[in-house]
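This report goes through one protein chain, from its overall dimensions down to single residues. Please keep the sequence and the model at hand while reading.

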Amino acid sequence: MDCVGCHAVASGFATARAALPVALPPALMQGGLILEREIKQTIIAKDIIDTGNLLNSVATRPCGPLTVEVGAHTDYAIYQEFGTYKMAARPYVRSSLTATIADIRNLLGETVMTVIEAALP
């Protein structure tokens, strides 16, 4: 039994596999920037601003071939997010991720599908 076009499809998937490591990092960075924007908007909306250091410390940065880190880079960011025994939590990262996760998933899914569709015959 012959499979007509099977070799072309297999070759297309191999091409897509090679193209994904190039296509995904910009999409991951874009997804990180979506989350960063939402975190900053949440900090402003919840009025978690004293000096502005927390807000200004929120950043997105690549930290591996297929990894992006998004977060606040202050010593007290974790205490705002999770609280302490003296202070109630004021979550801004978790709620922001919940608000943006569908958009980020769609962005990454569209990127993968675009690569696959371009590679297949």
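Buried residues, meaning those under 20% relative accessible area with a 1.4 Å probe and only protein chains considered (exposed is over 50%, partly exposed in between), make up 29% of the 121 residues in the protein chain. The model is a predicted one, in which local features need pLDDT of at least 70 and side-chain atom pairs count only at pLDDT 80 or more, while totals for chains, interfaces and linings use all residues. Residues are numbered from 1 along each chain as its sequence is written, and side-chain values rest on heavy atoms, with hydrogens and water left out.

The chain holds 4 helices and 2 strands, which are DSSP runs numbered from the N terminus (helices H or I with at least four residues, strands E with at least two), and from the N terminus on their order is α-α-β-β-α-α. The radius of gyration, taken over C-alpha atoms, is compared here with a globule rule of 2.2 Å times the number of residues to the power 0.38; at 20 Å it is well over the 14 Å that this rule gives for 121 residues, so the chain is more spread out than a compact globule.

| Property of the protein chain | Value |
|---|---|
| Box filled by the C-alpha atoms, along the principal axes | roughly 70 × 20 × 20 Å |
| Accessible surface (Shrake-Rupley method, 1.4 Å probe) | about 8000 Å² |
| Part of the accessible surface belonging to carbon and sulfur atoms | 60% |

Strands β1 (residues 59-64) and β2 (residues 67-71) pair in the antiparallel sense over 5 bridges, where pairing requires that DSSP finds at least two bridges between two strands. A hairpin of 2 residues joins β1 to β2, and Thr60 stands opposite Val70 in β2.

Leaving aside neighbours within four places in sequence, Ile43 is in contact (heavy atoms within 4.5 Å) with Ile48, Ile49, Leu54, Leu55, Val58 and Tyr92.

Thr100, in helix α4 (residues 93-119), is buried with a relative accessible area of 3%, and its contacts beyond four places in sequence are Ile34, Leu35 and Glu38.

Most residues other than glycine have a negative phi. Asp47, although not a glycine, has a positive phi of about 55 degrees; it sits in the loop between α1 (6-45) and α2 (53-57) and counts as exposed because its relative accessibility is 53%.
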